Amino acid sequence: NFILADEINRAPPKVQSAMLECMQERIVTIGKQTFELPKPFLVLATENPLEQMGTYPLPEAQIDRFLFKIYVDYPPKEDEIKIIDNNMDTNRYKKNVVQKILTPKDIINIQSIARKIYISDEIKKYIVDIVFSTREKKGLKYSKYIEWGASPRASIALA
């Protein structure tokens, strides 16, 4: 149900293409055989922004499949000291026990409820106005940081 893909920009284009298929179509193709992925299905990925050697840039079509992107900068000194403290114990992973709080069925039920929420035409128009403003870049304070405007998937995600 969940894939954590670390440093996806190190994966060759064929692997990235396969990931695109599973993210968008919710299927995996091996040879001539296609398999449906379990529901719900979610991909969380990291990208190494520092090194370019041995990396493959992600195509815009793949980047567009992600709901959001978070840039993580270096931590403040105090936090980095805590990071050292928390990582000096070789048994640290034995102490962290992951507890299940939702089942896949619970998530599917929540998703079905979310699909029933009414969105007025005014709100839909407002969402589309926000998305279009990223494409037109007029009057946006941070427009210099926008390389590509948001896609129709962004409108869906906001809704």
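The notes below go through a helix, a nonpolar core, some contacts, backbone details and ring geometry.

This is a predicted model, in which local features need pLDDT of at least 70 and side-chain atom pairs count only at pLDDT 80 or more, while totals for chains, interfaces and linings use all residues. Residues are numbered from 1 along each chain as its sequence is written, and side-chain values use heavy atoms, with hydrogens and water left out.

**Helix α1**

- Helices (H or I, at least four residues) and strands (E, at least two) are DSSP runs numbered from the N terminus, and helix α1 covers residues 13–25.
- The expected span of a helix is 1.5 Å times one less than its number of residues, so the 13 residues of α1 should span 18 Å, which agrees with the 18 Å between its end C-alpha atoms.
- With buried meaning under 20% relative accessible area, exposed over 50% and partly exposed in between (1.4 Å probe, protein chains only), the buried residues of α1 are Q16, M19, C22 and M23.
- Seen down the axis of α1, these buried residues fall within an arc of 120 degrees (taken from the directions from the helix axis to the C-beta atoms), so they line one face of the helix.
- On the other side of α1, K14 and E25 are exposed.
- The buried residues of α1 pack against β1 (2–5), β2 (27–30), β4 (42–45) and α2 (60–63), where contact means heavy atoms within 4.5 Å.

**The largest nonpolar core**

- A nonpolar core is a set of buried Ala, Val, Leu, Ile, Met, Phe, Trp, Tyr and Cys residues joined through side-chain atoms within 4.5 Å, and the largest one here has nine residues, namely A5, I8, M19, C22, M23, L37, F41, V43 and L58.
- Helix α1 gives the largest share of this core, three residues.
- In soluble globular proteins, nonpolar side chains tend to be buried together.

**Contacts of single residues**

- Leaving out residues up to four places away in sequence, I8 touches Q16, M19, A45, T46, E47, L58, Q62 and F66.
- I3 belongs to strand β1 and counts as partly exposed at 34% relative accessibility.
- Once neighbours within four places in sequence are set aside, I3 is in contact with F41, L42, V43 and L44, and the C-alpha atoms of I3 and V43 are 4.9 Å apart although the two residues are 40 apart in sequence.
- S155, in helix α7 (residues 152–158), is buried with a relative accessible area of 17%, and beyond four places in sequence S155 touches I127 and V131.

**Backbone details**

- K39 and P40 are joined by a cis peptide bond with omega of about -5 degrees, and P40 lies in the loop between β3 (33–36) and β4.
- E7, in the loop between β1 and α1, has a positive phi near 55 degrees without being a glycine.
- R26, in the loop between α1 and β2, is not a glycine either, yet has a positive phi of about 60 degrees.

**Aromatic rings**

- Rings of Phe, Tyr and Trp (its six-membered ring) pair if their centres lie within 6.5 Å, with planes under 30 degrees apart counted as stacked, over 60 as edge-to-face and the rest as tilted, and by this rule there is one aromatic pair.
- The rings of Y142 and Y145 have centres 6.1 Å apart and planes at 35 degrees, so this pair is tilted.
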